[in-house]
Amino acid sequence: MRTPLIAGNWKMNGSRALLEAFAETFTAEALPEGVKAALIVPFPYLDAAQRTLETTPLALGAQTLNVEVSGAHTGEVSAPMLNEFGVRYVLVGHSERRALYGDSDEMILGRVNTALGHDLTPILCVGETLEEREADRTMTVVLAQVDAVFDALDAAARERVVIAYEPVWAIGTGRTASPEQAQEVMAGIRAHLSRHGARLGESLVLLYGGSMNAANAAELLAKPDIDGGLVGGASLKTDDFLTICQSAG
Ligand code: PGA
């Protein structure tokens, strides 16, 4: 049985006040049984988030990490630092980082390895652009992004990675993939990874991301290969995020 996970990605948004609003909304009993949820906040908020969310069932996530653990990397943040703030999850290869900040498959693999080496759960983001979808290249692109990481990991490491399928054309656009479109790609990822062993196929946690909101979450999460969500815009509204978490139960 896979445990559903709803992760809220604040991106470069949020505030201390929003953290406090989350602490008020997410009481200890707020989540349905068997559902996990996390807030992935910008680095400066990790300290306050660790303290403010302590009484909530929300785990903490970071949006990227450096491959190295310390040294001359101005502006970067390391895995041991994330450990100090109780971070459990870290996004790797988000499409905004691939497109705007040069995150290559090689760098992404490095980040995944560093995360795994420091007891962090990497959430590997993959997804096609609109152009790639229209050229019928969705599965080729997505599976190449998956293989760039999974082919290089050993069996134990593979079982510790969460994958978020986020079609780039659905991110922040209000244009959600239909449950059928998402299910098709996600079933394809699961089937593809099953060649590393049936156990991986069964245990792999797959999140959908791209304009998931309080109104469409239940329908998406009802699909057999969608185990949870990576939620951007709707994770900035406490009630909407709570509704999405409840839809996963
Ligand atoms: P969105 O973002 O929900 O605002 O589309 C999702 C993401 O980029 O993780």
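1. First, the ground rules. This is a predicted model, where local features need pLDDT of at least 70 and side-chain atom pairs count only at pLDDT 80 or more, while totals for chains, interfaces and linings use all residues. Residues are numbered from 1 along each chain as its sequence is written, and side-chain values use heavy atoms, with hydrogens and water left out.

2. Start with the overall build. The protein has 12 helices and eight strands; these are DSSP runs numbered from the N terminus, with helices being H or I of at least four residues and strands E of at least two. Its radius of gyration is 17 Å, close to the 18 Å from the globule rule for 249 residues, so the protein is as compact as a globular protein of that length. That radius is taken over C-alpha atoms, and the rule is 2.2 Å times the number of residues to the power 0.38. The C-alpha trace spans about 45 × 45 × 35 Å along its principal axes.

3. How much of the protein is buried? Buried residues make up 51% of the 249, where buried means under 20% relative accessible area, exposed over 50%, and partly exposed in between (1.4 Å probe, protein chains only). Among contacts (heavy atoms within 4.5 Å) between residues at least 6 apart in sequence, 73% join residues at least 24 apart.

4. Now the ligand. It is surrounded by 13 residues, and the closest are Lys11, His94, Glu166, Gly172 and Ser211; a residue is near if one of its heavy atoms lies within 4 Å. The shell divides into four nonpolar, seven polar and two charged residues. In this scheme Ala, Val, Leu, Ile, Met, Phe, Trp, Tyr, Cys and Pro count as nonpolar, Asp, Glu, Lys and Arg as charged, and the others, Gly among them, as polar.

5. Look at the ligand's oxygen atoms next. A polar side-chain atom of Lys11 lies 2.8 Å from one, a side-chain N or O atom of His94 is 2.7 Å from one, and a backbone N or O atom of Gly172 lies 2.6 Å from one. The protein covers 95% of the 280 Å² of accessible area that the ligand has on its own. Such areas come from the Shrake-Rupley method with a 1.4 Å probe; for residues, only the protein chains shown count as cover.

6. Ser211, one of the closest residues to the ligand, sits in the loop between β7 (206-209) and α11 (217-221). Ser211 counts as buried because its relative accessible area is 17%. Its phi is positive, about 55°, although Ser211 is not a glycine. Most residues other than glycine have a negative phi.

7. Is Asp136 buried or exposed? Asp136 counts as exposed, because its relative accessibility is 73%. This residue lies in the loop between α6 (130-134) and α7, and has a positive phi of about 60°.

8. The side chains of Asp103 and Arg111 are joined by a polar contact of 3.0 Å. That term means a pair of N or O atoms within 3.5 Å; within protein, one must be able to donate a hydrogen and the other to accept it, and residues adjacent in sequence count only if both atoms are side-chain atoms.
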